[in-house]
Amino acid sequence: MSTEDAELEAAIVKHMNYCDELGLNRVYDIGVMFDRREVEGAELINYAYIYSKAERKKKLPYHLKEKGRYLTHYDYGYDREDENLHKVLDFAREKGYKVGEYFYEDVMIDDLSVKSYDEHIVKLSIKLL
């Protein structure tokens, strides 16, 4: 396991423990957010936040993913994550689209459905403004 993978794994465990502390015990969907400004200025990109889809409860901190249109890209595996982030931004620029602040990355098909890590299907999206 690479250092980057180990750091992400530790961050996910920390996130899951935090969800448990908040009483969000049925949090299964975990995604990551990337800051668009970092993507624009870097070749190697780190996630900005880890998130889970959950019901909104009073007095809990949350980030609300806005309704609206999103530019979306699907791919297999994680090997081209940085490349795909840049590809989506380049496409948006070519088409003259203005985009939001964060990319959202969600795993659509994971270990429960396929045998190999490379067969995971990953959805990458960013809000169109």
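This is a predicted model: local features need pLDDT of at least 70, side-chain atom pairs count only at pLDDT 80 or more; totals for chains, interfaces and linings use all residues.
Q: How do you know that the length of helix H3 agrees with its number of residues?
A: Helix H3 covers residues 81–95, which is 15 residues, and at 1.5 Å a residue it should span 21 Å. Its end C-alpha atoms are 21 Å apart, so the two values agree.

Q: Which residues of H3 are buried, and what do they pack against?
A: The buried residues are Glu81, Asp82, Asn84, Leu85, Val88, Leu89 and Ala92. They pack against strands E1, E3, E4 and E5 and helix H2.

Q: Why is Asp35 called buried?
A: Buried means under 20% relative accessible area. Asp35 has 14%, so it counts as buried.

Q: Why is Arg37 called partly exposed?
A: Its relative accessible area is 47%, which lies between the 20% and 50% cut-offs, so Arg37 is partly exposed.

Q: What makes Arg37 and Asp35 a salt bridge?
A: The cut-off is 4 Å between a side-chain nitrogen and a carboxyl oxygen. The closest N and O atoms of Arg37 and Asp35 are 2.7 Å apart, so the pair qualifies.

Q: Why does the pair Arg93 and Glu40 count as a salt bridge?
A: Their closest N and O atoms are 3.9 Å apart, which is within 4 Å, so the pair counts. Arg93 lies in helix H3 and Glu40 in helix H2, so the pair ties together parts that are 53 residues apart in sequence.

Q: How are Asp90 and Arg93 placed along helix H3?
A: They are 3 residues apart, about one helical turn. Their side chains meet in a salt bridge at 3.1 Å, N to O. Salt bridges with shared partners join Arg36, Glu40, Asp90 and Arg93 into one network.

Notes. Residues are numbered from 1 along each chain as its sequence is written. Side-chain values use heavy atoms; hydrogens and water are left out. Helices (H or I, at least four residues) and strands (E, at least two) are DSSP runs, numbered from the N terminus. The expected span of a helix is 1.5 Å times one less than its number of residues. Buried means under 20% relative accessible area, exposed over 50%, partly exposed in between (1.4 Å probe, protein chains only). Contact means heavy atoms within 4.5 Å.
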